[in-house]
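I opened this entry to keep a record of what I looked up, in the order in which I looked. The sequence and the structure come before my notes.

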Amino acid sequence: MASSEIKLQNGNCCKVIAGTHKGKSGTVEDLKTSKTGHITITVRQKNGVRFKTLGKNVEVTQGK
C-alpha cells in the first residue's frame, strides 16, 4: 500500500507517484485485488478521464 497513514479505499483522492500515469491525480474507483494479490484501481480525473493503475503506484492525498 502506498500510504501507511491512510488506507486506500474507493472514493479517496490520490496522486500517481510511479508508472505510466505518474503525475496524474484523481479519485479512486473500482478497487480490486487480483489473483496474484496485487491491488488494481481505476482513477477518475476531474475532467472525467479514467485510467487503471496498481495500488502501489499511488499515494492517498487529502480530500474526500
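I began with the secondary structure and found 0 helices and 5 strands in the chain, where helices (H or I, at least four residues) and strands (E, at least two) are DSSP runs numbered from the N terminus. Read from the N terminus on, the elements run β-β-β-β-β.

I noted for myself that this is a predicted model, in which local features need pLDDT of at least 70 and side-chain atom pairs count only at pLDDT 80 or more, while totals for chains, interfaces and linings use all residues. Residues are numbered from 1 along each chain as its sequence is written, and side-chain values use heavy atoms, with hydrogens and water left out.

Next I looked up burial, and buried residues make up 30% of the 64 residues in the chain; buried means under 20% relative accessible area, exposed over 50%, and partly exposed in between, with a 1.4 Å probe and protein chains only.

I then asked which residues form the largest nonpolar core. The core has 9 residues, namely Leu8, Cys14, Val16, Val28, Ile41, Val43, Phe51, Val58 and Val60, and at least two of its residues come from each of β1, β3 (39–44) and β5 (58–61). A nonpolar core here is a set of buried Ala, Val, Leu, Ile, Met, Phe, Trp, Tyr and Cys residues joined through side-chain atoms within 4.5 Å.

I turned to the pairing of β3 with β4, which run antiparallel and are joined by 5 bridges; two strands pair if DSSP finds at least two bridges between them. The two strands form a hairpin with 5 residues between them, and glycine 48 in the turn has a positive phi of about 95 degrees.

Last, I checked alanine 18, which sits in the loop between β1 (13–16) and β2 (25–33) and counts as partly exposed because its relative accessibility is 27%.
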